[in-house]
Amino acid sequence: MLVCNKRHRGWLGCTISMVALSVSTAAVAQESAQADSLPAEDALVSDEQIIVTGTRIRGVAPVGSSIIQVGAEDIARTGQTSTADILNNLPSVLSLGAGDSYSGGTIQGGADLNALAFNKSPNLRGLGPQATLSLVNGRRVPYDGANMNAFDGDNIPAQMLQRVEVVADGTSPIYGADAIAGTVNYILRDPFTGIEAHGQYGLSDGRDTYQITAVGGYDWGTGGIVLSYQYTNADRLRAGSRPTLYSDDYRAFGGPGPLVQPVPGNIVVNGVDYAIPGNQDGTALLLSDIGPAGQPNYQNSWEGYDAVPQFSRDNFAYNFKQEIMPGFEIFSEGFYAERDYDIDLIGPVTGVTLTVPNSNFYSPCNRSLAGAPAALIDACATGALTVEYNTLYDAGAKNRSGYTKTWNVSGGATIDLFSDFQATISASYGKHDEESLTKLQFGNALPSQAALLGGMTADSAFNPFCDARNFDCNPSSFNSAINGSPFLVGVIYEMQDYALNIDGPLFELPGGQLRAAVGLEHYRGQLININSFGEIPSDTRKVNSAFAELFVPLFGPSNSRPFLRELELNIAGRVDDYSDVGTTTNPKIGINWKPTEDLRFHASYGRSFRAPGLADNNPNSPNGYLTPGGFPGNSIDPSLCPSCAGIPNLTIAQVIGGANGDLEPEKSRSYSFGADFEPDALPGLRLSLNYWNVEYTGQVSTAVYNAGAVQAINQQYFNDYIVYNPSLFPDLASSNPMAFLGTFPQVNLDNPDCAAVFGENVTSQAAFNQMVACINAGGAGPLLGAQVDPDTIAALQSARRINAGSTQADGFDIDVSYSWDDGLGSWRLGAIAQYILNWEVAVIPGAEVVDRVNNYSYPLRFSARGELSWSEDIGPGNLSASLFANYSNAYEIDANLLPPGVPSEYSDIGSHTTFDLRVSFDTGIAPGSSLLNNLRFTVSAQNIFDELPPLVLNSGGQAGIMFDPANASPLGRVVQFQISKAF
């Protein structure tokens, strides 16, 4: 709890009663909430007026659930200035699925979309950012991200936070949608009188950051305001500065080499590479200079690309309160966050294979052939050379640049009614706006530029025989022909939220006051998607909600007895009626039992939900049909298609993009129980153990796309989403689903082939051929690949979003801390940890249930963070230091994700331990010098020993990497220098 005292402001204008970092504080919050009111001059509100995250009743803590509170001093002790990074220190907050270092490799499903603009959203338990609800001052805020299912913690400056409260338990019965894994509540600082200035400079190998922050406020007794502004700038991190992490050269491990579409390039004859020599510009290259055979040039796919984007960010936030008269207070809070980013985004699109005719001015076929290998001479005789080349140095890397703007304003009033009942009325309006331009989004256009490749003069011919690292091989006028038009993606999301909450005591029980809360909420959201193909018709959602909560103290101080010092019950429920996905009802019950003064047991049970996002459920969202590259017919299970083995090249068409207007809410059932022990015999010691269990079903995902086109057929879990070719799969085709895999308004019914099968099950060959003809004509959405050949296509698949996956997980949260004073100062020793017992997933109902705990892209079995902190008044000020140890256990990667040829022993991934250090000096009130008053100097370092992440050979995704960005940072050691001054 943060208490502002104008007589002795000290650091941050407050005297801080510290709640230790990540302590599970159900007991602490309960006792604090029942304390006597503070003097009016010490705080704008008393503890009895505080509503803690996880309940809507003033003066009580969440019953049955643990609450993690990270206060202002806890934030300062970490030495970090990023709110999102501070939260990621908690073992229950994972970075799976969102972040600024998700480039390359096969990563958790959805991470590419969640991180489209590289936001950093909390992910409780690892169930996904979409399953964590974010609030500011207890109120909803706009979603971030292209899927509208995340919230960037860095939208709120750390210096503007009074505390962050985390409830890692289902809280939909209290707050509604999204709170499946829990809730993160960013609580803004209360008004105070004073001004603060903060400056920070950070550096790591290859990347610098800086940040300036100003916070000012005024408390005029009956109210006050606090405002903040922050500017942050961070350099890009080039992948080349981390060659051991960002590389697709697996030869040292028995796997393949890196990209063979390099600079300088290779000439390919009958599958054999001949290296083009370097340090020459192609104007005098002879065929005899090329080779020898089988020794190609290579190029790391990451060459010229970024691992982490460059960004700048402006943040503004405020918090305002004013008592109009006794019992009537108005309030308002808001924030604005704008972030601009730029990244050379990894993608193998600069590597190309070109057919270069002999007419090309630079072709060595036009010069002497004497002494050249016979195979190259024969290639020249065909009239063209096949050249593997990379346009990176000619036209630049694939690049994405863009911005995000998120803002929210809330206002309302609290009104004292009768008998300590109070009504809180609030209204919020928020908006998220993001836009990006991506160069080379749909690949490199050079292979189709026949005029450039066959140019007969130096000015008109593209030169792929030159060493572009060392020469200007091609004029910039060729760039547009190579890159094509950049692809635009834009998202605008607007929300309105109106809420009424009434809470107060009903009557006195022997154990204390029976208290209740009831309320109503109305929510509106609208999503607009824009891309280079046009604007997608907007989708709008309205939600009407009603909720109630009851706090029942059965035993308390007035009627306690042995082994029944306290016994408390909380019952909550909420009904949410959606305009597009129906009605959902979610209850929760919690219980606290305190047999002695120093031991508390707690347990909870409840149901929660997440409504499909508007991006998921917009029936107007257009489809596109993608035809992945061909595959050999023998890759299909012969028991499903005996004749496929004799077909050398089959194809599959997938309908991608597009939403699914028939989605239902995701649902969860969770329970937890645990104990908190604070022995009177040893003050300062706290032990906490909490068991949790969650079952999460109906998870929205692109399950067929994630499985892979061929695997989706072989696994036989996805037949409701596959239209089989009857000539190849006669038995399976007899049960084919509806044409186009749904009824969507973009199907062109003026096309006779489309109209003939629309709404019909495609069980005959004639109907199948008509559906193929409709797709080829663009009648069911744009075709994003080659035309579908009805003679070689195996199936048509829906890769759209569906209610598919399920997760059943359970584990323990562990928290141990001990604080004491001695002649050397004040000390704190603590550790927090998460131990996961099971993480059982099924990709779709009916599929095999597999335990994925301790597997790559899933949560680890065990992770922990330990702390040793010390502080002492040394005369001229206070000196403090904190040392943190971070540990994650060994785990494994599926052997199928290893590069070809790499032995299975590399499936094992080592454990990872890093240490963080912070040292700070605070002058406090310096006698005789206002300049030195309340001045703080801080030096901190994360990963002080520059420990490399464990080796992970991951060849999937856009390019291979050699570490796991979900469990380790590519930044290495990061040192930060901070100076702060309070006036």
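**A helix and its setting**

Modeller: In this predicted model, helix α6 is followed by Gly383, a residue whose phi is positive, near 100°. The helix itself covers residues 374-381. Three of its residues, Leu376, Ala379 and Cys380, are buried, a term that here stands for a relative accessible area under 20%. When one looks down the axis of α6, the buried residues fall within an arc of 100°, and they therefore line one face of the helix.

For contrast, one may turn to a part of the surface. There, Phe677, Leu687, Leu689, Ile814, Val816 and Tyr835 make a nonpolar patch of about 430 Å². Strands β33 (685-701) and β36 (802-822) are the elements that give two or more residues to this patch. Phe677 has its place in strand β32, which spans residues 666-677. With a relative accessible area of 30%, Phe677 counts as partly exposed, because that class lies between the limits for buried and exposed.

The strands named here are also linked by pairing. β32 and β33 run antiparallel and are joined by eleven bridges; in one of them, Asp676 has Ser688 of β33 as its partner. β33 is also joined to β36, again in antiparallel fashion, by 15 bridges. Here Glu695 has Gln808 of β36 as its bridge partner.

Finally, the wider chain. The protein chain holds 15 helices and 45 strands. Of its 983 residues, 57% are buried. Among contacts between residues at least 6 apart in sequence, 73% join residues at least 24 apart. The accessible surface of the chain comes to about 36,700 Å², and carbon and sulfur atoms account for 57% of that surface.

Methods. Residues numbered from 1 in each chain as written. Predicted model: local features only at pLDDT ≥ 70, side-chain atom pairs only at ≥ 80, totals over all residues. Heavy atoms only, no water. Patch = residues over 30% accessible without salt bridge, like charges linked within 9 Å, V, L, I, M, F, W, Y side chains within 5 Å. Areas by Shrake-Rupley, 256 points an atom, 1.4 Å probe, with all protein chains shown as cover. Salt bridge = Lys/Arg side-chain N within 4 Å of Asp/Glu carboxyl O. Helix = DSSP H or I, 4+ residues; strand = E, 2+ residues; numbered from the N terminus. Buried < 20%, exposed > 50% of the residue type's maximum accessible area, 1.4 Å probe, protein only. Arc of directions from axis to C-beta. Pairing = 2+ DSSP bridges. Contact = heavy atoms within 4.5 Å.
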